[in-house]
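Please read the points with the model open beside them.

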2 protein chains.
Amino acid sequence: MLPDFVGRLSALLGPAQIVADPHGLAPYVQDWRGRYSGTALCAVFPRITAEVSAVVQVCAEAGVAIVPQGGNTGMCGAATPEAGPPCIVLRLDRMNRVRSVNPLDNTMVVEAGCILADIQTAADGVDRLFPLSLGAEGSCQIGGTISTNAGGTAVLRYGPMRDLVLGIEAVLPDGRVLNKLTRLRKDNTGYALKQLFIGAEGTLGVITAAVLKLFPKPRTSAVAMATADSVENALGVLARLRGEVGDRLSAFEIISHSQYDLVFAHMDNLTSPFAAPAGWYVLIELSDTLAGIDLLAVMERILGEAIERGELEDAVVPTSEAKAQMLWRIRHSVSEANKRAGLSVSHDTAVPLDRQPEFVAETERRIRALRPDANVLFVGHIGDGNIHAIAHFGHAAFPDAAAFEGVASQINQIVDDVTIALEGSISAEHGIGISNRKRLAQIAAGPELDVMRRIKDAIDPQRLMNPGKVLMPLRSEQPVRIAAKRSRK
Amino acid sequence: MLPDFVGRLSALLGPAQIVADPHGLAPYVQDWRGRYSGTALCAVFPRITAEVSAVVQVCAEAGVAIVPQGGNTGMCGAATPEAGPPCIVLRLDRMNRVRSVNPLDNTMVVEAGCILADIQTAADGVDRLFPLSLGAEGSCQIGGTISTNAGGTAVLRYGPMRDLVLGIEAVLPDGRVLNKLTRLRKDNTGYALKQLFIGAEGTLGVITAAVLKLFPKPRTSAVAMATADSVENALGVLARLRGEVGDRLSAFEIISHSQYDLVFAHMDNLTSPFAAPAGWYVLIELSDTLAGIDLLAVMERILGEAIERGELEDAVVPTSEAKAQMLWRIRHSVSEANKRAGLSVSHDTAVPLDRQPEFVAETERRIRALRPDANVLFVGHIGDGNIHAIAHFGHAAFPDAAAFEGVASQINQIVDDVTIALEGSISAEHGIGISNRKRLAQIAAGPELDVMRRIKDAIDPQRLMNPGKVLMPLRSEQPVRIAAKRSRK
């Protein structure tokens with residue numbers, strides 16, 4: 001039956017839209033970091049929504065599961081099939097048309113397979129900004145960023161993907177098309193179905209197109225770096241800045257001295273703008289659509305006042321673009337420096353701002369109690385509550401990978417415990433996928449998880465849409481017909 | 001059994017928290033405009049979440065429906081019981097504590113029964129803004145504004161209620177408490193349950209508390225009124241303004257000449273700032289958190305350029321607060337003037353900006369074809385796509401109420417048809433409730449309505465939560481045990 005099934009898909013789409021040989025399939029059945037891999041009958045490449053619909057319908061009839069996959073750049077394995085009941089990988093690459101760009105109402109209608117960078121370029125072409133920006137923007141697809149509610153560097157000012165989507169088109173698990181491609185900003189007609197599909201990681205259906213919000217382009221900006229002796233003081237500056245400049249605050253990043261020093265110890269061509277060492281470093285960016293406004297003067301005044309109040313120790317406000325870029329380069333060197341310096345156990349945490357000082361102190365204390373040789377680093381978009389705690393070790397700290405993994409899992413537990421105690425999120429922006437489904441099942445146990453399961457079962461009663469992602473796979477989640485077949489083996 | 005049921009609730013809550021006599025019940029079983037009324041066994045007034053939970057659990061066991069009710073200020077009857085199977089009205093008045101105000105992270109945790117105006121005041125007390133603002137703010141409760149995803153005057157700048165809520169606490173239809181009272185701005189852990197409850201009009205559960213977003217307070221503003229000869233030209237100005245001033249654009253209202261003239265014909269103490277008549281009038285407001293910025297100069301320059309380009313015919317930018325308020329008074333006099341002048345058939349429409357000219361022309365054409373004596377007025381928050389079409393008639397235009405209702409329903413159909421053809425929304429901000437459920441069932445027929453029904457059934461399988469609102473009542477929606485009882489009568 002299974003070869004027949006691939007043949008049926010091939011007849012439906014044409015052979016050029018199917019990959020079934022193991023070599024060709026390889027890139028689609030593992031995640032880009034090589035952490036997860038599985039099996040699939042084939043990968044299909046539909047070009048239009050009707051083809052996605054037809055494929056899903058055939059799968060629903062045959063009881064074959066579907067793993068939607070965009071650019072395969074996710075952090076949690078949400079787009080990777082697992083070993084288990086037969087499934088197909090549904091790639092959105094060829095649905096990559098920009099259907100329309102509407103500068104008048106600041107919207108853009110795009111298909112799921114559009115590359116994020118291409119969308120940014122198309123927006124730029126009509127003098128608008130599409131603000132989502134993240135490391136993988138050259139290869140990630142917009143459908144994936146919607147399905148994972150991606151974050152990135154512009155969340156403080158523009159919000160996560162959820163805030164940037166006005167409408168979606170999605171193929172439901174039975175193949176029907178849900179068309180909510182509205183360009184409206186106000187529409188109170190029933191349940192927020194769009195919001196349910198955003199961040200559902202393909203477990204409720206396949207997003208095939210979306211209406212995105214565009215924004216006026218910033219025409220002026222100012223960057224500064226400052227030092228503070230505590231997270232509390234840095235947060236005090238954040239509050240004052242926001243109160244005065246409002247949405248002009250487009251970045252407020254924090255770096256612990258441990259992280260800052262490690263960057264300079266391992267990276268070349270970087271110059272620290274500060275003579276004296278400090279406890280914490282903040283990188284601040286203001287931007288504005290009005291070309292005429294003097295943001296440097298605003299920045300200098302506000303940071304000057306913070307120094308006078310004793311909240312900041314020092315600050316630099318470069319007047320040249322080159323010097324501003326040097327400050328950003330320090331921030332952007334963090335990942336590379338940590339990699340060069342040794343092994344990292346990283347976390348994607350958000351905690352409320354007023355709990356950040358406690359988070360930082362308690363995380364460091366507990367990790368050091370477990371492993372006194374850990375260098376505990378903090379870096380993050382603290383402006384939106386997202387702080388990454390990193391336990392860092394020298395290359396020679398562990399005898400083997402297993403020993404490292406053992407310690408890593410203890411550290412994960414520490415950071416999770418502290419995060420939950422402080423009303424935080426264990427996955428601020430990366431999502432759940434495979435990586436965090438077990439942790440989600442623990443922290444959301446009770447009504448929350450139950451409601452999620454009910455929704456999943458209501459919309460995908462056959463449990464064929466990206467099974468085992470977000471929600472832990474259930475015994476009963478084996479596709480019915482396939483499970484019956486397997487039991488006869 | 002029914003008297004027993006009220007007795008059981010009384011024993012649970014104490015008699016001071018129940019109203020069961022017909023006189024006391026009267027205000028809770030009809031909507032404030034007197035358009036809808038129904039019956040209820042009693043109204044209950046829980047003080048804490050645990051009491052809401054207990055009441056809901058008792059109702060679930062007995063198969064008695066629940067109509068959650070806040071300030072009873074809604075426009076569509078969503079908080080009004082209907083005649084039919086026994087239900088109770090669950091009032092949130094006494095859950096009116098502000099649990100915390102957090103200026104550092106710009107959040108506020110409030111209970112559902114808090115009055116909107118009190119929340120605005122509490123935010124103001126820590127030098128912050130809670131931007132939701134609407135006519136009923138002195139009596140509407142925040143739980144109701146969340147459940148209906150209220151809009152109001154600040155949507156252009158701050159978004160509707162959906163954008164202002166970080167977390168919710170809700171009692172599910174079986175009495176369990178869903179606690180998602182997060183203060184986080186980034187949290188990617190599972191389905192967006194919060195979003196599902198926002199705008200669900202109490203059909204999925206009872207929202208008992210919420211975390212709201214606060215904003216820095218604007219410290220300077222500028223108001224202007226301008227005239228244009230077409231909607232297209234007014235929209236051109238809107239696009240340019242937004243491109244330059246970004247989020248400073250806090251209002252962009254449009255008024256047709258028909259509406260403008262009617263205001264001046266029926267209201268005293270208003271002075272038009274324009275000597276010559278015009279086709280369309282726009283009211284523009286800019287605001288900024290930075291006190292130092294000269295918004296008047298920015299406004300004058302941009303409107304000056306628009307006049308030079310021929311997009312605007314004339315513009316006034318008052319330099320005194322009193323004159324600015326006069327311009328707003330013109331806008332705010334619309335409802336009262338229309339009431340004095342005769343009878344209105346009003347609509348709460350949103351259409352994409354580039355379809356607005358067509359909407360205006362086509363609506364007017366078709367209404368005039370039906371009733372040449374209709375004065376077709378347009379007024380609205382065109383900046384966010386929300387335009388109100390009003391067919392206006394003199395007091396003596398109809399022999400009786402039935403004749404008026406007949407014409408009104410034909411006009412409604414016209415406006416709905418044009419709206420749907422132009423990819424618009426038949427309920428931009430007022431919601432569905434009882435008023436629009438039939439229309440929703442028509443326009444969302446197919447997968448959309450089916451998914452809504454599945455979600456409703458998954459979360460509220462007994463169909464006891466505000467039955468018949470949003471989704472049309474089904475035959476089978478009669479509460480099971482009660483229905484059995486009634487059939488024996």
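1. Buried area, as used here, is the accessible area, taken with a 1.4 Å probe, that two parts lose on being put together, summed over both. The model is a predicted one, and in it the area buried between chain B and chain A is about 7,000 Å², with carbon and sulfur atoms giving 59% of that. On the side of chain B, the residues that lose the most area to chain A are B:Lys186, B:Asn188 and B:Tyr191, which together account for 15% of what that side buries. The contact takes 85 residues from chain A and 85 residues from chain B.

2. Which pairs cross this interface, and which elements of chain B give residues to it? There are 38 residue pairs in polar contact across the interface of chain B and chain A, both residues being at pLDDT 80 or more. The elements that give two or more residues to the side of chain B that touches chain A are α6 (155-158), β9 (177-180), α7 (193-197), α8 (231-245), α10 (295-308) and α16 (447-459) of chain B. The largest share of that side, 10 residues, is supplied by α16(B). Sorted by class, the side of chain B that touches chain A has 36 nonpolar, 22 polar and 27 charged residues.

3. Salt bridges across the interface of chain B and chain A number 14, while the count over all chains comes to 74. One of the bridges between the chains joins B:Asp450 to A:Arg176, with the closest N and O atoms 2.4 Å apart. The side chain of A:Arg176 also meets that of A:Asp174 in a salt bridge, at 3.0 Å from N to O. A:Arg176 is partly exposed, with a relative accessible area of 28%, and A:Asp174 is likewise classed as partly exposed, with a value of 32%.

4. Within chain A, A:Glu169 forms a salt bridge with A:Arg99, the closest N and O atoms being 3.4 Å apart. Because A:Glu169 lies in strand β8 (residues 165-171) and A:Arg99 in strand β5 (residues 98-102) of chain A, the pair ties together parts that are 70 residues apart in sequence. A:Glu169 counts as buried at 7% relative accessibility, whereas A:Arg99, at 35%, counts as partly exposed.

5. A further bridge in chain A is formed by A:Asp416 and A:Arg439, whose closest N and O atoms are 2.4 Å apart. This pair links distant parts of the chain, with A:Asp416 in helix α14 (residues 401-421) and A:Arg439 in helix α15 (residues 437-443) of chain A, 23 residues apart. A:Asp416 is buried, its relative accessible area being 9%. Elsewhere, salt bridges that share partners join A:Arg97, A:Arg99, A:Glu111 and A:Glu169 into one network.

6. In soluble globular proteins, nonpolar side chains tend to be buried together. The largest nonpolar core of this model has 104 residues, of which A:Phe252, A:Phe359, B:Phe252 and B:Phe359 touch the most other members. Another core lies apart from it and has 87 residues, including A:Ile432, A:Met452, B:Ile142 and B:Tyr158. Leaving aside neighbours within four places in sequence, the contacts of B:Phe252 include B:Leu156, B:Val237, B:Leu241, B:Ile284 and B:Ile382.

7. Is A:Gln259 buried or exposed? A:Gln259, which is placed in helix α9 (residues 257-266) of chain A, has 0% relative accessibility and is therefore buried, the cut-off being under 20%. Not counting residues up to four places away in sequence, A:Gln259 touches A:Val334, A:Asn338, A:Leu377, A:Phe378, A:Val379 and A:Ile390.

8. B:Gly246 lies in the loop between α8 and β13 (249-256) of chain B and is buried, with a relative accessible area of 10%. Beyond four places in sequence, B:Gly246 touches A:Pro216, A:Thr289 and B:Leu241.

9. Two residues of chain B deserve a look at their backbone angles. B:Asn149, in the loop between α5 (142-147) and α6 of chain B, has a positive phi of about 45 degrees although it is not a glycine, and it is buried at 5% relative accessible area. B:Glu201, in the loop between α7 and β10 (206-213) of chain B, has a positive phi of about 55 degrees, again without being a glycine, and counts as buried at 6% relative accessibility.

Technical notes. Residues numbered from 1 in each chain as written. Chains lettered and ligands numbered in written order. Heavy atoms only, no water. Contact = heavy atoms within 4.5 Å. Salt bridge = Lys/Arg side-chain N within 4 Å of Asp/Glu carboxyl O. Polar contact = N/O pair within 3.5 Å; in protein donor to acceptor, adjacent residues only side chain to side chain. Helix = DSSP H or I, 4+ residues; strand = E, 2+ residues; numbered from the N terminus. Nonpolar A, V, L, I, M, F, W, Y, C, P; charged D, E, K, R; others polar. Buried < 20%, exposed > 50% of the residue type's maximum accessible area, 1.4 Å probe, protein only. Core = buried A, V, L, I, M, F, W, Y, C linked by side-chain atoms within 4.5 Å.
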